[in-house]
Amino acid sequence: MAIPQLSSFSGYRLPALGFGTYRLNGTAGVEAIGRAIDNGYTLLDSAFNYDNEGAVGAAVRAHRDAREQLVVTSKLPGRHQRFAAALETVEESVYRTGLDHLDLYLIHWPNPSQHLYVEAWAALIKARSRGLVHEIGVCNFLPEHLERIEAETGVRPVVNQIELHPYFPQTDALAYHREHGILTQAWSPIGRGNDLLSNRTITAIADQHRISAAQTVLAWHVAVGAIPLPKAATQQRQLENLGALDVVLSAAEVAAITALGRPDGRINNQDPAAYEEF
């Protein structure tokens, strides 16, 4: 199926729904990622810290005919933000995949206590100029971080990947990104370790549309302009997630889901450094 695309301020385009690869490792990971490509996913999200860049690369290399349509993404870990280390890490990411370049590379989080994220951003700009990556962005950046890297380098990220789901709808971040033409990607888009998929509002809307709770949540992401990155290993779940693109929620339904936001909605209320993904 053809997945609709969203455009950034620069004209860079990404599919409205992508594929998360966290914990898809080894042979099973290669098979699951390859299955996703066969099913029509073109945006593949990985990270240096996921230890599966090799699996992603193997799946992509096995689908050479689809390579030009794929957006292969990885991320710079917080511990490698000094310029030289960051540039070497990007190189290692490319080598791990076995590809000649990566399509999108992100700073995994600003790691603000180290005050190195501007240096890391400069390294990503250099990596782009060398052709190691085609486009660059960030994850988990606040407006103050986004403004600083642009002010000090003249380069605005095309993407900010953040935690976003109905219990943590990030309406202010979405509005800021929209105003500045930055695409919003959502990690853990259907939540994790909470009761989101059994929430009565979600299940009632799902029943109304005769779809699953997960499809309802993913359709909400699409409606608010976020790019969800759900992970799914099985054929059924992968196709089910893609099916959310065909769901049209009413404005009232979107508002009702957004209203589920709550102060404890984050998956982990600690510092982002506590997340193993970082």
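Where is the place of L245? Select it and look: L245 sits in the loop between α9 (235-243) and α10 (251-258). One thing to keep in mind as you click around is that this is a predicted model.

Stay on L245 for a moment. Is it buried or exposed? With a relative accessibility of 15%, L245 counts as buried, because the cut-off for that is under 20%. A16 and L245 are 229 residues apart along the chain, yet their C-alpha atoms are separated by 8.2 Å.

**Into the core**

Next, select I33, V60, I107, W121, L124, V133 and L249. These belong to the largest nonpolar core, which has 70 residues, and they touch the most other members. Which helix gives the most to this core? Colour helix α4 (residues 117-129) and you have it: α4 contributes 7 residues. As background, nonpolar side chains in soluble globular proteins tend to be buried together.

Zoom in on I33 and show what surrounds it. Leaving aside neighbours within four places in sequence, I33 is in contact with F19, T21, L24, L44, A55, V56 and A59. There is also another core, lying apart from this one; it has 12 residues, and L43, V159, I227 and L229 are among them.

Now hide the rest and show helix α2 (residues 53-61) together with helix α3 (residues 83-97). Their axes come within 7 Å of each other and cross at roughly 50 degrees. That angle is why α2 and α3 count as oblique to each other.

Which residues meet here? On the α2 side, pick E53, G54, G57, A58 and R61; on the α3 side, pick S93, R96 and T97. Colour the contact by type and you'll get 1 nonpolar, 4 polar and 3 charged residues.

Time to look at charges. Side chains of opposite charge can pair when their charged atoms come close. How many salt bridges does a search of the whole structure find? The answer is 8, and we'll visit some of them.

R96 counts as partly exposed, at 31% relative accessibility, whereas E53 counts as buried, at 2%.

Keep α3 on screen and select E91 plus R130. They form a salt bridge too, and the closest N and O atoms are 2.9 Å apart. Here again distant parts of the chain are linked: E91 is in helix α3, R130 is in the loop between α4 and β7 (133-139), and 39 residues separate them. Turn the view and check the surface around each partner. R130 is partly exposed, with a relative accessible area of 44%, while E91 counts as buried at 18% relative accessibility.

For the last stop, move to helix α5 (residues 143-153) and select R148 and E152, both of which lie in it. They are 4 residues apart, about one turn of the helix. Their salt bridge brings the closest N and O atoms to 2.8 Å. R148 is partly exposed, with a relative accessible area of 31%, and E152 is partly exposed as well, at 49%.

Technical notes: Residues numbered from 1 in each chain as written. Predicted model: local features only at pLDDT ≥ 70, side-chain atom pairs only at ≥ 80, totals over all residues. Heavy atoms only, no water. Core = buried A, V, L, I, M, F, W, Y, C linked by side-chain atoms within 4.5 Å. Buried < 20%, exposed > 50% of the residue type's maximum accessible area, 1.4 Å probe, protein only. Helix = DSSP H or I, 4+ residues; strand = E, 2+ residues; numbered from the N terminus. Contact = heavy atoms within 4.5 Å. Axes fitted to C-alpha atoms, helices over the stretch in contact; angles between N-to-C directions. Parallel < 35°, antiparallel > 145°, perpendicular 65-115°, else oblique. Nonpolar A, V, L, I, M, F, W, Y, C, P; charged D, E, K, R; others polar. Salt bridge = Lys/Arg side-chain N within 4 Å of Asp/Glu carboxyl O.
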